[in-house]
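Hello,

I am passing a structure on to you, and I hope you enjoy looking through it. Please have a look at it first; my notes follow below.

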Amino acid sequence: MGAPEGDEAAPTFGPTALVTPANLVTVARIAASPVFIVMIVAWGARWSTFAVGFAIAMTDYLDGWLARRQGQTRAGAFLDPLADKVLVLGGMAALVWNEQFDVLPVALIALRELVISAYRSRAGRRGVTVPATKLAKWKTFVQLWAIGFAVMPPLASDAHWIATLTLWVAVALTLQTGWSYLRAARNIAADQLGGDDGS
């Protein structure tokens, strides 16, 4: 016999849960990112470096799938973008160190990420979760491929312009999504002030 129509299983974990499979995968991604960063600095563009970075990045899809299946949590909403930032900013900093990336685009990306992280932290203290938008997810995807192209041996040596172009596309998406977050924050603040005036 099949389950009654419209009968959906309840989430395994509530929004306040800390130790969940999705969060454990995210923490593992944060812990593994320094390995990738060290490999970039020590070895530069190698298939082994690319493979490790690719494997770490793919865990983002795994923890997202687990979170949707078992229940999204506030801790996960904080940890998931943090894991992305550790991998992206660490990888880009390593590529700047190796003189494969220029400082300016990486600095622009880092500044945006720090500002939005501060915004998320402030919102979190007020009990407000700020989920990533679809465009922000694409931004992270392009950032990661900018790093991937830079450590992929054939492209790193013969077509480095592909990584550079992808990096600048990532800068454009990064600044656009950052502005969208801040504009949304300003609208929320205006609504709260309006509600206070009318109370």
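**What I found**

Tyrosine 61 is partly exposed, because its relative accessible area is 48% (buried means under 20%, exposed over 50% and partly exposed in between, with a 1.4 Å probe and protein chains only). The place of tyrosine 61 is in helix 2; helices here are DSSP runs of H or I with at least four residues, strands are runs of E with at least two, and both are numbered from the N terminus.

Before going on, please note that this is a predicted model, where local features need pLDDT of at least 70, side-chain atom pairs count only at pLDDT 80 or more, and totals for chains, interfaces and linings use all residues. Residues are numbered from 1 along each chain as its sequence is written, and side-chain values use heavy atoms, with hydrogens and water left out.

As for the overall picture, the chain has 7 helices and 0 strands. Of its 199 residues, 38% are buried.

Tyr61 also belongs to a nonpolar patch on the surface, together with Phe54, Met58, Leu135, Trp138 and Phe141. Helix 2 (47-70) and helix 5 (134-151) are the elements that give two or more residues to this patch.

Those two helices also pack against each other: the angle between helix 2 and helix 5 is about 165 degrees, and their axes are 9 Å apart. That makes helix 2 roughly antiparallel to helix 5 (angles over 145 degrees count as roughly antiparallel, under 35 as roughly parallel, 65 to 115 as roughly perpendicular and the rest as oblique).

Now to the charged side chains. The whole structure holds 7 salt bridges, each being a side-chain nitrogen of Lys or Arg within 4 Å of a carboxyl oxygen of Asp or Glu.

Arginine 29 is buried, with a relative accessible area of 2%, and aspartate 84 is buried at 12%.

Elsewhere, lysine 139 forms a salt bridge with glutamate 113, their closest N and O atoms being 3.1 Å apart. Both lysine 139 and glutamate 113 are buried.

Best wishes

Technical notes:
Patches are made of residues with over 30% relative accessible area and no salt bridge: like charges are joined within 9 Å, nonpolar side chains (Val, Leu, Ile, Met, Phe, Trp, Tyr) within 5 Å. Accessible areas come from the Shrake-Rupley method with a 1.4 Å probe; for residues, only the protein chains shown count as cover. Axes are lines fitted to C-alpha atoms, for helices over the stretch in contact, and angles run from 0 to 180 degrees between N-to-C directions.
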